[in-house]
Amino acid sequence: GFRNLRLLSIYNAHLNGRYPLLFQFPLLQKLEIYDCDNLKFDLEILAGLPVLEELHCYNNNFLTGNINSLRELKDTLEKVIISLCPDVEGNFMDLADFPRLNELNLLETDVIGDIRDVGERD
């Protein structure tokens, strides 16, 4: 079911634990997960969404992983917003060569980087 799903929005859902089936929609283009305090997932699982263009994660305490794992989606991601997800880490320069990325917001995460490293081609 839902094999043609293009948008999945999960807001304040009382999900507790891991739900790998949420990340297996081959045509999903936009994923929004907001205020799901007990949903456990890692950025690596997003590789199961091969045409994902937009990722919005806000206030998800059990989202973990390194943003480098988003490289699996390098050719499709246009927008990445990860906010109030303290266990997301990495260096934002790992996303510098994403050809379609036009919006990047990494607020209150453990992602690091120096804006002075951004060059003309990034």
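A salt bridge is taken here as a side-chain nitrogen of Lys or Arg within 4 Å of a carboxyl oxygen of Asp or Glu. By this criterion, K30, E32 and E54 are linked in a network of salt bridges in the predicted model. A search of the whole structure returns 6 salt bridges.

K30 is partly exposed, at a relative accessible area of 25%.

Strand β2 (residues 30–34) runs parallel to β4, with 5 bridges between them. Y34 stands opposite Y58 of β4. On β6 (residues 79–83), the bridge partner of Y58 is S83. Strands β4 and β6 are likewise parallel and are joined by 5 bridges. Strand β4 (residues 54–58) is largely enclosed by the rest of the structure, because 4 of its 5 residues are buried.

D97 and R71 form one of them, with closest N and O atoms 2.9 Å apart. D97 sits in the loop between β7 (87–91) and β8 (103–107), and R71 in the loop between β5 (63–66) and β6. The two residues are 26 apart in the chain. D97 is partly exposed, with a relative accessible area of 38%. R71 is also partly exposed, at 31%.

The side chains of E78 and R100 meet in another salt bridge, at 2.2 Å from N to O. E78 lies in the loop between β5 and β6 and R100 in the loop between β7 and β8, so this pair ties together parts 22 residues apart in sequence. E78 is buried, at 19% relative accessible area. That value is under the 20% limit, so E78 counts as buried. R100, at 38%, is partly exposed.

Cysteines were examined next. The search of the whole structure finds 0 disulfides. For C57, the nearest cysteine sulfur is that of C85, 5.6 Å away. For C85, the nearest is in turn that of C57.

Methods. Residues numbered from 1 in each chain as written. Predicted model: local features only at pLDDT ≥ 70, side-chain atom pairs only at ≥ 80, totals over all residues. Heavy atoms only, no water. Disulfide = S-S within 2.5 Å. Buried < 20%, exposed > 50% of the residue type's maximum accessible area, 1.4 Å probe, protein only. Pairing = 2+ DSSP bridges.
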